[in-house]
Amino acid sequence: MAGRKRRMVALAAGAEQTVTFNKHYERTELKSKDSQTGLTKQLSRGENAQSAEAERSRYFTKNGLQHRLGEDFFKQPCISLAKAFLGKVLVRRCADGTELRGKIVEAEAYLGGEDKASHSAGGKRTERNTAMFMKPGTIYVYPIYGIYLCMNVSSEGEGAAVLLRSLEPLQGQPVMRQLRAARRKEGARQLKDKELCNGPSKLCQALNIPRCFDRRDLASDPEVWLESDPDTSPAKSQDIISAPRIGIESHGEWAKKPWRFYLRGHPCVSVVNKEAERQPQSGNVMNDLSPQAVKPDTGQDNVKRTQQENS
């Protein structure tokens with residue numbers, strides 16, 4: 001009887017050791033799995049980081065955006081800002097990390113106040129033009145013809161903003177071409193690089209600038225921003241053409257104000273004004289011409305150019 005009790009005690013002790021071992025093993029195995037999962041996550045994060053790093057262009061450094069223009073850049077009078085935009089690079093970072101880049105080669109100034117061609121003429125504020133009255137560097141995106149978009153940037157001055165008219169594609173042309181093709185007729189010919197962004201609505205399509213970008217801050221937004229081009233020196237005054245703005249012929253003398261600025265001889269400019277190019281540009285002589293000195297555009301030309309810019 002005593003021997004039987006000793007055997008039962010021994011069996012119980014063995015079972016307890018087995019349970020203890022199994023629990024220890026399960027804990028060890030669980031810790032091992034947790035470690036492996038953690039390592040997998042670390043590796044995954046590393047791969048993602050490497051992938052993201054591969055998407056980044058030469059404009060990026062470990063310290064962030066090396067050439068991004070801050071809010072101080074936008075604190076300029078409207079005409080000065082429009083000229084300063086020339087040669088700067090507009091960047092659009094897509095959801096998948098792809099970056100699209102284009103150099104600004106054409107812009108128009110809309111001064112607000114007395115400028116009858118401006119959406120904010122007479123200081124009129126609406127739900128649509130609110131961005132024009134916000135701090136310099138605020139994006140103003142508005143629709144035209146119900147289907148196209150235009151991108152502007154506010155400047156100093158009550159209700160003043162600059163319309164971005166044309167870009168030179170620098171990076172991401174295949175993506176730009178796909179985005180443009182999605183809005184064109186099926187079977188249309190493939191666009192040349194110089195045709196991707198040579199119009200205000202074209203550049204919005206090519207860089208996928210949506211309506212919801214309205215009122216965003218170009219100085220701090222993570223999806224769209226402006227950079228200086230380290231490979232390009234600032235445009236000289238003699239290389240900047242001052243010409244009347246486009247598509248506003250119904251606004252009388254204000255339609256003839258030479259507040260459209262573009263880089264002389266650049267193939268991506270939307271509309272070349274040969275008369276303006278014959279004028280001496282140094283000292284902004286074109287800005288001092290009377291409205292009668294500039295030949296007005298006809299409505300028919302306006303319709304033709306508008307169709308070309310949006311197609």
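Colleague: Which residues of the largest nonpolar core touch the most other members?

Modeller: The largest nonpolar core of this predicted model holds 50 residues. Apart from it lies another core, of twelve residues, which includes Tyr110, Tyr140, Cys150 and Ala161. Within the largest core, the residues that touch the most other members are Phe74, Phe85, Leu90, Met151, Leu207, Leu218 and Leu226.

Colleague: With which residues is Leu226 in contact, leaving aside its neighbours within four places in sequence?

Modeller: Leu226 belongs to the largest nonpolar core and is one of the residues that touch the most other members there. Once the neighbours within four places in sequence are left aside, the residues in contact with Leu226 are His67, Arg68, Leu69, Phe73, Phe74, Phe85, Lys88, Val89, Leu90, Ile104 and Leu218.

Colleague: How many residues of helix α3 are buried?

Modeller: Helix α3 covers residues 78-85 and is mostly covered. Its buried residues are Cys78, Leu81, Ala82, Lys83, Ala84 and Phe85, and for Cys78 the relative accessible area is 4%. Just after the helix, Gly87 takes a positive phi of about 95°. Of the eight residues in α3, the number buried is six.

Colleague: How many disulfides does the count come to?

Modeller: A disulfide is a covalent bond between the sulfur atoms of two cysteines, and the rule applied here asks for sulfur atoms within 2.5 Å. Cys204 is buried, because its relative accessible area is 4%. The cysteine sulfur closest to that of Cys204 is in Cys150, at 6.1 Å, and the two are therefore too far apart for a bond. By this rule the number of disulfides is zero.

Colleague: Which parts of the chain does the salt bridge between Glu71 and Lys135 link?

Modeller: In this salt bridge of Glu71 with Lys135, the closest N and O atoms are 3.6 Å apart. Glu71 counts as partly exposed because its relative accessibility is 39%, and Lys135 is likewise partly exposed, with a relative accessible area of 42%.

Colleague: What distance separates the closest N and O atoms in the salt bridge between Arg101 and Glu99?

Modeller: The structure holds 20 salt bridges, one of them formed by Arg101 with Glu99. Both Arg101 and Glu99 are buried. Elsewhere, salt bridges that share partners join Arg92, Arg216, Asp221 and Glu223 into one network. For Arg101 and Glu99, the closest N and O atoms are apart by 2.6 Å.

Colleague: Which residue is the bridge partner of Glu108 in β10?

Modeller: Strand β10 (residues 260-263) points Arg260 and Tyr262 one way and Phe261 and Leu263 the other way, all of them buried. Strand β9 (residues 240-243) pairs with β10 in the antiparallel sense over four bridges, and Ile241 stands opposite Tyr262. Strand β4 also pairs with β10 in the antiparallel sense, over three bridges, and there the partner of Glu108 is Arg260.

Colleague: Which backbone oxygen does the side chain of Asn129 reach?

Modeller: Asn129 sits in the loop between β4 and β5 and is buried, because its relative accessible area is 1%. Not counting residues up to four places away in sequence, Asn129 touches His119, Ser120, Lys124 and Tyr140. At 3.2 Å, its side chain reaches the backbone oxygen of His119.

Colleague: How far apart in space are Gly122 and Gly159, C-alpha to C-alpha?

Modeller: Gly122 lies in the loop between β4 (99-110) and β5 (139-144), and with a relative accessibility of 68% Gly122 counts as exposed. Gly122 and Gly159 are 37 residues apart in sequence. C-alpha to C-alpha, their separation in space is 9.2 Å.

Notes
Residues numbered from 1 in each chain as written. Predicted model: local features only at pLDDT ≥ 70, side-chain atom pairs only at ≥ 80, totals over all residues. Heavy atoms only, no water. Core = buried A, V, L, I, M, F, W, Y, C linked by side-chain atoms within 4.5 Å. Buried < 20%, exposed > 50% of the residue type's maximum accessible area, 1.4 Å probe, protein only. Contact = heavy atoms within 4.5 Å. Helix = DSSP H or I, 4+ residues; strand = E, 2+ residues; numbered from the N terminus. Salt bridge = Lys/Arg side-chain N within 4 Å of Asp/Glu carboxyl O. Pairing = 2+ DSSP bridges. Polar contact = N/O pair within 3.5 Å; in protein donor to acceptor, adjacent residues only side chain to side chain.
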